[in-house]
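These notebook entries record what I looked up, in the order in which I looked it up. I began with the meeting of the chains and then turned to each chain in turn.

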Amino acid sequence: MPVESLPIADEAGADQEFLYTLNFGPQHPATHTTLRLILTLDGETIVKAVPDIGFLHSGFEKLGEDLDFNQYVTIVDRMNYISPFANEVSWHHTVEKLLGIEVTPRCKYLRVILAELARISDHLLCVGAAALDLGALTAFLYAFNEREKIYNVFEAASGQRFHPGFSRVGGLMNDITDDVVGLIRHFVNTFPKAHADVVRLLNRNRIFVDRTKGIGVLSKDEAINTSCSGPVARASGVVRDLRKDEPYLAYPDLQSAFKVVCATGGDCYARYLVRMEEIVESVNIIRAAVENIPAGPVNVALNDKVTIPDKTATYRSIEGLIQHFELFMWNRQWTPPVNEVYAATETANGELGYYVVSDGGPRAWRARTRPPSFIHFAVFPQLMEGHQISDVPAVLGSLNIIAAELDR
Amino acid sequence: MPGTMDTLLAKFPGAFTIAAFKDNARVEIPADKAPGVLFAVLKCLKDECGFDFLVDVAGIDYLNYPNAADRYAVVYALANTKTAQRLFVKAFANDPDPELPSAVPLWKGADWMEREVYDMFGVVFAGHPDLRRILMPAEFTSYPLRKDYPLRGLGERHNFPTITRAES
């Protein structure tokens, strides 16, 4: 987009010739992904920041109208690709609400455990990358070391490290093995030490604190008014966590295992602290859940005709074969009610919701995503005003903007 | 929730219908009433009923949808941060000039979300401070999430002008 068409020229009028415009991005190490800022500067102070987004727009929501409920999981994986499984949980949570499916207790627990692992992975990347941008390379390496173990868990469970595509309507692609439980147990036992290392490196690190405290302050009223959710809102004192407010999946059983983490500062440091403490709560959830995974099937019963039967059933029984056929022929599949539904889950970035409109066919008529990155990035210009240009990476890092989710 | 609906029914009689599915309660405002009453309904919900949080603004195109009366809909998903209640306000609009009042004076968060609806569906929000395209390039002429826009596009992608380094 040419600079002339953006609403910046009128701000820096002829009487303010000392202001100048700096193009930040779309390719810049500190944006991590593809987004562009046009900064109007007075010396090093930012007078106005105008984001220009859409570089990664790939029509995900249009694809959601063309792919069926199971196929679209590969696309939601790629929205917030830092915690893909949480997106899958959110998507199928909405679809199952539309179809009226109650998943099995085992599936609920597995989804919760893996989604919490995804949350830890997301928070670690956010904290590590934010610290990296502020010059703290060691914390980044410690964080990525732990993320590697989480990827190993996903690889063992689903066969895929980055985009597991593990969730299915009415259950999961396959049940997990005891090896996966072992990996999760090992992670939960070894992770607190790594977490403490990062905390010791950053919490009282004078450079880190100086560069994040009082930077990008978002007040509580502003956070509510600008629709912020998740860690960004909770760092501003908004006590809102869907896991507590409207518990879904296995969270009703796990209420005593975790607390809602809040802070009142509303600055980058508060957002960092909230993320670090949320990681601790997530570990507590996983620790409580992994020892209580219920036995039984991971998918809803074959008779409900919503889940893909496992391969043994497909090849060895006539019912399984018919069911497999019914779910893969594009003109058969599911028959949801002609209605629309919104459901949301608490992902690492905030409330990730889907508004699914159905015309009775196996594809969504409209698959609207409520993207937390998009909504948080809208706040960015007002957070930046009056700050230095060197605060841009600090604020960007603390908001955890994932451009694939931002542009979809 | 009954309290909210009573307040709305008393203040805006006949302006909307109520629908519900699972735990979603929806207030649906038809296209002939929406431009006049949508902003007042949202303001009443925000100021009097405690729905202080705008969760989402979603555009929908109902072209050839079963039993649809109006073409476009914009859904304002609201939440109450104190009681965790949710409410969905759905306002319809029609061709040739789909227009609805903007909610930006109530919630700053509506800014980008309404821009996205405009970008994808061409629904104009009257009173929006900065209604530009947000995801698609400024020179794009279609509204890609409309149902009459094909999945593979209209060839825009292949007709992009190429700029050489000397021209840039």
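**Entry: the contact between the chains.** I counted two residues as in contact if their C-beta atoms, placed from the backbone, lie within 7 Å. I noted at the outset that this is a predicted model. I then asked how many residues of chain B are in contact with chain A. I found 31 residues of chain B in contact with 38 residues of chain A.

I next looked up which elements supply the side of chain B that touches chain A. At least two residues each come from β3 (53-61), β4 (72-79) and α3 (110-121) of chain B. β3(B) gives the most, with six residues. By class, I recorded 22 nonpolar, three polar and six charged residues on this side of chain B.

**Entry: chain A as a whole.** The secondary structure of chain A comes to 16 helices and eight strands. I compared the radius of gyration with the rule for a compact globule: 408 residues would give a value near 22 Å, and chain A has 22 Å, so the two agree. The C-alpha trace of chain A spans about 80 × 45 × 35 Å along its principal axes.

I also looked up burial and found that 53% of the 408 residues of chain A count as buried. I then took the contacts in chain A between residues at least 6 apart in sequence; of these, 70% join residues at least 24 apart.

**Entry: the domains of chain A.** The domain assignment gives chain A a domain 1 (3-52) and a domain 2 (60-300 + 333-407). Taken over C-alpha atoms, the centres of domain 1 and domain 2 of chain A are separated by 31 Å. I asked how many residues each domain of chain A brings to the contact. Domain 1 of chain A contributes 16 residues and domain 2 of chain A contributes 19 residues.

On the side of domain 1 of chain A that touches domain 2, the elements giving two or more residues are β2 (36-42) and β3 (45-52) of chain A. The largest share, six residues, comes from β3(A). I recorded the classes on this side of domain 1 of chain A as nine nonpolar, five polar and two charged residues.

**Entry: the sheet β1-β2-β3 of chain A.** I followed β2(A) and β3(A) into their sheet. The sheet is open, has three strands in the order β1-β2-β3 (chain A), and is paired antiparallel. β1 (20-24) and β3 of chain A stand at the edges with a single partner strand each, so each has one side without a neighbour in the sheet. From one strand to the next, the twist averages 25 degrees.

I found five bridges joining β1(A) to β2(A), which run antiparallel. Thr21(A) stands opposite Thr40(A) in β2(A).

**Entry: the sheet β6-β7-β8 of chain A.** I then examined another open sheet of three strands, with the order β6-β7-β8 (chain A) and antiparallel pairing. Why is one side of β6 (340-347) and of β8 (364-370) of chain A left without a neighbour in the sheet? These strands of chain A stand at the edges, and each has a single partner strand. Neighbouring strands of this sheet are turned against each other by 15 degrees on average, direction ignored.

Strand β7 (residues 350-358) of chain A is joined to β8(A) by six bridges, and the two run antiparallel. I noted that Tyr354(A) stands opposite Thr369(A) in β8(A). Helix α3 (residues 84-99) of chain A packs on the sheet and touches β6 and β7 of chain A; the direction of this helix makes about 150 degrees with that of β6(A).

**Entry: strand β5 of chain B.** I asked whether strand β5 (residues 86-93) of chain B is mostly covered or open, and found eight of its eight residues buried. In a regular strand the side chains alternate between the two faces of the sheet. Arg86(B), Phe88(B), Lys90(B) and Phe92(B) point one way from β5(B), while Leu87(B), Val89(B), Ala91(B) and Ala93(B) point the other way, and all are buried.

Strand β2 (residues 24-29) of chain B runs parallel to β5(B) and is joined to β5(B) by four bridges. The bridge partner of Val27(B) in β5(B) is Val89(B). β4(B) and β5(B) pair in the antiparallel sense over eight bridges, and Tyr76(B) stands opposite Val89(B). β4(B) and β5(B) form a hairpin with six residues between them. In the turn, Ala84(B) has a positive phi of about 60 degrees.

Notes. Residues are numbered from 1 along each chain as its sequence is written. Chains are lettered from A and ligands numbered from 1 in the order in which they are written. Ala, Val, Leu, Ile, Met, Phe, Trp, Tyr, Cys and Pro count as nonpolar, Asp, Glu, Lys and Arg as charged, and the others, Gly among them, as polar. Domain bounds come from an automatic or database domain assignment. Two strands pair if DSSP finds at least two bridges between them. Axes are lines fitted to C-alpha atoms, for helices over the stretch in contact, and angles run from 0 to 180 degrees between N-to-C directions. The radius of gyration is taken over C-alpha atoms; the globule rule is 2.2 Å times the number of residues to the power 0.38. A residue is buried if 20 or more other C-beta atoms lie within 10 Å of its own, exposed if 12 or fewer, and partly exposed in between; C-beta atoms are placed from the backbone.
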